[in-house]
Amino acid sequence: MKILKAPTAPTFFQFFKYWLKLGFISFGGPAGQISMMHYDLVEKHRWISEHRFLHALNYTMVLPGPEAQQLATYIGWLMFGIRGGIAAGVLFVLPSLFILSALTWAYLSYGTLDEVAGILYGIKPAVTAIVLFAAYRIGSKALSNPVLKVLAVLAFIAIFQFKIAFPYIVLIAALIGFIGAKVSPSMFMAGTHHASSKGNYGPALIDDDTPTPDHAKFSWPRLFIFAFIGIVIGITAMSLLDNKVLQDMGEFFTKAALLTFGGAYAVLPYIYQGGVDQYQWLTATQMMDGLALGETTPGPLIMIVAFVGFVGATVNEVFGPESILLSGFVGASVATFFTFLPSFLFIFLGGPGVEATRGDLKFSAPLSAVTAAVVGVIVNLAIFFALATLYQNHQVDWISLMITLVAITALFRFKIGIMTVIMTSAAIGLGLTLI
């Protein structure tokens with residue numbers, strides 16, 4: 001058996017290039033994005049071990065906000081400190097901001113986007129396959145014993161059958177993990193199933209036993225300084241907005257960021273109510289079109305806030321009728337900035353505490369239970385995508401079904417890369433539109 005050497009530490013430029021690339025190809029919502037990061041960071045580059053990756057994932061799952069972007073920020077912060085966290089977190093969403101702004105401008109300017117609709121038609125079935133693949137990848141590692149597997153099944157039943165809100169599922173899973181650590185500690189010990197990961201993937205740059213770097217160690221002075229800086233940045237940014245519409249957006253999307261327990265789907269009703277009913281930044285039809293664009297463009301699904309901000313600022317002509325494009329882009333940027341600012345603070349403030357509790361069962365057991373529950377929730381998300389994509393107007397879309405089956409076969413059987421599957425599916429959708 002070949003013994004793999006420890007990987008070479010990347011330069012900051014190599015690190016920067018990776019996150020920039022990921023920002024352009026991170027399709028598939030949080031499940032697909034987490035699957036991509038797991039493959040790249042744990043299996044391919046081996047920058048971080050399976051255990052450290054899942055421990056970070058567990059933490060981001062219990063936070064409000066986009067968990068995939070927060071996971072990127074956490075890993076970047078662990079590797080290169082604050083500059084690494086900012087680079088990974090910003091690059092994870094920046095390409096999406098520009099792509100979604102361009103598509104929104106085209107949508108508002110031309111009304112119809114046949115070619116874009118065709119591309120989205122091809123990608124959507126592939127997204128279903130990617131989400132299933134993510135559930136398999138995470139589940140095969142996280143569900144190390146029958147107790148955790150049962151917990152995943154119960155979480156799926158709770159959200160699929162009984163429509164229990166995700167935050168409650170997380171809370172119940174954490175409570176089960178806390179109690180389980182006392183009753184049967186071995187069933188909830190993070191790391192009992194990770195011994196094989198080193199054998200499968202080789203040693204990692206940040207391995208299971210790698211000491212916590214100095215910048216990631218808990219410090220009360222550092223915590224207060226970061227909290228103060230974060231609050232000052234938020235207040236300063238808000239004070240620079242001299243337009244009522246932009247000020248309303250800043251306040252509204254800050255609240256949305258603090259209420260997004262359960263991911264983007266949990267906060268969509270809140271954004272819909274505020275954007276359509278309360279502020280009337282856009283219509284209900286436009287909101288649904290924005291969701292379709294947000295689902296199948298790279299970046300977190302919560303980036304639909306950029307669509308809402310763009311349309312709202314354009315409709316209200318915040319910089320006058322002669323600067324429509326500028327108005328829209330600034331609106332999208334304001335919505336994005338205030339949505340993601342709290343996410344960075346959650347990582348920089350809470351990350352050191354999470355690293356300090358890595359070996360403490362009373363903290364790690366609830367997080368392990370949460371990961372198990374999340375696997376069930378991801379399977380539910382895959383079914384949601386499948387029903388929305390493959391079954392329309394009370395009949396099966398056979399072309400979409402075929403694309404999904406081909407994508408599943410490519411991912412599971414032939415181990416073809418996610419990006420290749422996405423680009424091929426997009427080309428099929430575009431080809432069907434042109435024909």
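**First stop: S400**

Select S400 and display its surroundings: S400 is in contact with Y121, P125, T389 and L390, leaving aside its neighbours within four places in sequence. Contact here means heavy atoms within 4.5 Å. S400 is found in helix 16 (residues 398-413). Helices (H or I, at least four residues) are DSSP runs, numbered from the N terminus. Is S400 buried or exposed? S400 counts as buried, because its relative accessibility is 1%. Buried means under 20% relative accessible area, exposed means over 50%, and partly exposed lies in between, with a 1.4 Å probe and protein chains only.

Before continuing, note that this is a predicted model, in which local features need pLDDT of at least 70 and side-chain atom pairs count only at pLDDT 80 or more, while totals for chains, interfaces and linings use all residues. Residues are numbered from 1 along each chain as its sequence is written, and side-chain values use heavy atoms, with hydrogens and water left out.

Now select residues 50-61, which form helix 3. Its 12 residues should span 16 Å at 1.5 Å a residue, and the end C-alpha atoms are 16 Å apart, which agrees. The expected span is 1.5 Å times one less than the number of residues. How many of the 12 residues of helix 3 are buried? The number is 12 of the 12, so helix 3 is largely enclosed by the rest of the structure. Among these buried residues are H51, R52, F53 and N58.

E355 lies in helix 14 and R52 in helix 3, so the pair ties together parts that are 303 residues apart in sequence. A salt bridge is a side-chain nitrogen of Lys or Arg within 4 Å of a carboxyl oxygen of Asp or Glu. Side chains of opposite charge can pair when their charged atoms come close. R52 is buried, at a relative accessible area of 2%, and E355 is buried as well, at 5%.

The structure holds three salt bridges. For another of them, select D248 and K244, whose closest N and O atoms are 2.8 Å apart. Being four residues apart in helix 10 (residues 244-259), D248 and K244 are separated by about one helical turn. An α-helix has 3.6 residues a turn, so residues three or four places apart point the same way. D248 counts as buried at 13% relative accessibility, whereas K244 counts as exposed at 55%.

Next select D214 and K217, whose side chains meet in a salt bridge of 3.3 Å, N to O. D214 is exposed, with 58% relative accessibility, and K217 is partly exposed, with 41%.

Select W19, M37, F53 and F253. Of the 123 residues in the largest nonpolar core, these four touch the most other members. Helix 4 (residues 67-110) gives the most to this core, with 18 residues. A nonpolar core is a set of buried Ala, Val, Leu, Ile, Met, Phe, Trp, Tyr and Cys residues joined through side-chain atoms within 4.5 Å. Focus on M37: beyond four places in sequence, the residues in contact with M37 include W19, F53, A68 and F92.

Select P7, in the segment before helix 1 (12-25), together with R46, in the loop between helix 2 (29-44) and helix 3. Although they are 39 residues apart along the chain, their C-alpha atoms are separated by 6.5 Å. Apart from residues up to four places away in sequence, P7 touches H45, R46, P203, A204 and L205. P7 is buried, with a relative accessible area of 16%, and R46 is buried at 13%. The phi angle of R46 is near 55 degrees, a positive value in a residue other than glycine.

**Last stop: E317**

Finally, select E317, in the loop between helix 13 (304-315) and helix 14 (324-356). Its phi angle is near 45 degrees, a positive value in a residue other than glycine. E317 counts as partly exposed, at 39% relative accessibility.

Notes: Helices (H or I, at least four residues) and strands (E, at least two) are DSSP runs, numbered from the N terminus.
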